[in-house]
Amino acid sequence: MVTPVNPQPRERTSPPLRTDTCKRPAPVLAEGVRVRVLRAVYGDPRAAAELVPLLTERQSAGLDPLPTEPAELAPALLRAHRAETQALPDDTRLLLLLAAADQYPVPTHAFLRAVTAARLDTRPLEAAEKAGVAQATAGGVVFRDAWTRIAAYETGSPADRRVVHRLLARVLRGDGETSGRSWHRGAGALGPSGRLAAELGTAARGAQAAGRLLSARALAERAAALSPDTGEQSRLLALAAACAWHSGDGDRARRLAAAGHEEALAGILALRAGNASEAFDALLGAAVRRAAGQGRGGDRPDASSGDGDGDGADAGGELRRTPSVAVVRGGQAASSAGSQVRAPDPAAQLLARATEAAIYTGDLRRCREAARAADRLGIVLPGTLGGLAAAFDGRYEDARDLLMAAAGRCGPGGDPTLLIHAGIAALLLGDHTRAATATLRADASARARGATATVVQAMEFRAYADFWTGRPRAGEAAAADALREAYATGQDNGACHLQAALAMFAAVTGDADVCRERAATARTYALARGLGLPAALAQWALAYLDLSTGRFAAAAARLRALAGFGPGHGHRAIRHLATPHYVEAAVRTGDSRVARVAHADYHRWASAVLSPDDLALSARCRALLAPGEEAVEHYRCALDLHSHGTRDFERARTELLFGSALRRLRRRTEARDRLHSALEAFDSFGAPHCAAQARTELRALGAPTAPAHTAPDTPTARLTAQQLRVARMAAEGATNREIADRLALSPRTIDHHLRGVFTRLGIRSRIELVRLLAEAGD
């Protein structure tokens, strides 16, 4: 039998929580912090309003992790809920305490068995139902909200909590309930216990292997609290940090890594939300020190200073990329692509992470420094990373061989990190079909393992595959979903990269305002964190917008600036990827000398990897640089190569340029056919600026322009992709601020979009918008 809950002094019910009495003005939050605040407080706006003024300047800026304990998140709201719970009868509070202990943080679903075993009367729950605190169901107790459940647990005295945990442990005797039983045994312990700590640690590793990362994190954290051995505490906290990270709780992961003095893991996490250059220095220094400890040779390089050490909680690394480069995603339980080692060398792991950091920054000096350290230490970089480093250094044949080996590892059921590496390599090689397959399989594998952080990356990679194969709307939707999840899981550096990618999508779909806002957001953040990759991608997006709207001089100037790569400024790989567009802009402005130099290096890469799309774009560059009739055969060669590739959008742009050249050569019939084909493709892709260029060329021929791909008598046809998305949210009742939050845009931009929606649809109110979209079945 369970004895009644110890009498608690009754507190008078607190008045409604006020959030307007704080003297300190609420700080301006970074976008990722704003999203994580809402997630941390379970979406409760009252708790969010209480938490925001309590944040430090560094927390508000995203430099330090947010609080993770309920008492730190919303103390006043929690006090009010506790007072409400304490006003209930003792027997009611006992049942609520038992239910709360059974549900969080490790759900064990043993409440009804515990009630039966202790012969408890459940009729006192009627008082909780009457008070609106909780409701009894056939499956147990359902609390009004998360804060009520937390309050129900915290109103119990420590002795009462131990009693209910021991009761729950006694009834958890079935198959598959070992971890739940261990949790309750540990929660019911009086003090440190090496035996219980070992039991909980074993349960944590079992839960981790089964993909139950939230439970694994809680079990490992509790095991660390009970362990009397400081070394074991650090190992358990590192395990808890890794599980927290992979499950999407970046703030808790950073706090646990710091508490466990797991400096290498902290360095890896810094790549997700910190300064990539500093992370490189720390990781490279840790790699050299670890190699020295393992008896390897080599002196510590000058720039490896930092306080990172150790190899993290698990092996390998999760990577993310633009279409041309990968960047670190944090430690994933797998070796990097291209590696066949079952028990990876800790020094090699750290050096691989340092290389990823160098690639992310765009700092060629650091890439070479990592490569020299690898040679000195006798370490071979993993396939994808080695390929990227070789490409950065201009060793294109070596890069091709390494990337091809990595791209081949995209079979079903594999480790999600290896699959992501395979997708990265395939994208670099121009094999977008294989990239799509690898990223879809990575997504499925990550979901099966509960690795939320990796799911975000897989979604992003698929977005790139969609983009390059002429499906920008699908890519934009995938990237927008990934952006919100990146912010929610503490991957602010990855979110910066996604903002840049979304700027690129907006440039293609003709949404100039969104392109400029996202590009500015990405470049501002990238400059502060030393992230050359997203900075360059954002610059490319702005250049593409200029190019597609006929501002050739502006496009050439922006693309020329990509040559100045470095931390927070630019990136060699993005400059390389943008070369075909630079050649076009340079030729249009009469600067063919620089265009020829840029094309020569691009052609060398295309000839090495033998991608039909890259070879087609090289032929297009040659056509742009060739005089008169000589260009025609180069364009024909380019289109023939495009027919064997997958970059349908670039094929359409080649047809546009070819049609324009044919018009100038007075080959009117073929010019008209090419331009109509390009126009149809651009309308299908939702690229209005490029479609407008094709129509201009057709009008110059005196030829009729083809109708838009979508019928013009529907709301969908009259709105841009972004306007339609905003219109749907507004019709669902979302405010401008809520729409801005969901799309990671400013309220001013949302207001601009809604004004455009009302103008294009000829309406004046949201009521009319709801009616119009409903009538259209949209």
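Rings of Phe, Tyr and Trp, the last by its six-membered ring, count as a pair when their centres lie within 6.5 Å. By that rule this predicted model holds six aromatic pairs. The tour starts with two of these pairs.

**Stop 1: Tyr396 and Trp605**

Select Tyr396 and Trp605 and show their side chains. The two rings are 5.3 Å apart, centre to centre, with 80° between their planes, an edge-to-face pair. Tyr396 belongs to helix H21 (residues 396–407) and Trp605 to helix H32 (residues 592–609), so this pair ties together parts that are 209 residues apart in sequence. Tyr396 is buried because its relative accessible area is 2%, and buried means under 20%. Trp605 has a relative accessible area of 8% and is buried as well.

**Stop 2: Tyr544 and Phe649**

Next select Tyr544 and Phe649. Their ring centres are 6.3 Å apart and the planes meet at 45°, so this pair is tilted. Tyr544 sits in helix H28 (residues 532–548), while Phe649 sits in helix H35 (residues 648–664); the pair therefore ties together parts 105 residues apart in sequence. Both Tyr544 and Phe649 are buried.

**Stop 3: Phe682 and the cores**

Keep Phe682 and show what surrounds it. Leaving aside residues up to four places away in sequence, Phe682 touches Phe649, Ala652, Arg653, Leu656, Ala687, Cys690 and Ala691. Phe682 is also one of the three residues, with Trp540 and Leu769, that touch the most other members of the largest nonpolar core, which has 172 residues. For a second, separate core of 32 residues, select Trp183, Ala189, Leu265 and Leu269, which are among its members.

**Stop 4: helix H22**

Move to residues 416–428, which make up helix H22. H22 has 13 residues and reaches 18 Å from its first C-alpha to its last, close to the 18 Å expected at 1.5 Å a residue.

How many of the 13 residues of H22 are buried? Twelve are, so the helix is largely enclosed by the rest of the structure. The buried residues include Pro416, Leu419, Ile420, His421 and Gly423.

At the N-terminal end of H22, select Asp415. Asp415 caps the helix there, with a side-chain oxygen 2.8 Å from the backbone nitrogen of Thr417. Thr417 itself is buried, with a relative accessible area of 0%. From Thr417, go to Ala442: the two are 25 residues apart in sequence and 7.1 Å apart in space, C-alpha to C-alpha. Past the other end of the helix, look at Gly430, which follows H22 and has a positive phi, near 85°.

**Stop 5: Ile750**

Is Ile750 buried or exposed? Ile750 is buried, with a relative accessible area of 0%.

Which residues does Ile750 touch, not counting residues up to four places away in sequence? They are Val726, Asn736, Ile739, Ala740, Leu743 and Leu745. Finish by selecting Gln723, which is 27 residues from Ile750 in sequence and 8.8 Å from it in space, C-alpha to C-alpha.

Notes. Residues numbered from 1 in each chain as written. Predicted model: local features only at pLDDT ≥ 70, side-chain atom pairs only at ≥ 80, totals over all residues. Heavy atoms only, no water. Helix = DSSP H or I, 4+ residues; strand = E, 2+ residues; numbered from the N terminus. Buried < 20%, exposed > 50% of the residue type's maximum accessible area, 1.4 Å probe, protein only. Core = buried A, V, L, I, M, F, W, Y, C linked by side-chain atoms within 4.5 Å. Contact = heavy atoms within 4.5 Å. Phe/Tyr/Trp six-rings, centres within 6.5 Å; stacked < 30°, edge-to-face > 60°. Expected span 1.5 Å × (residues − 1). Polar contact = N/O pair within 3.5 Å; in protein donor to acceptor, adjacent residues only side chain to side chain.
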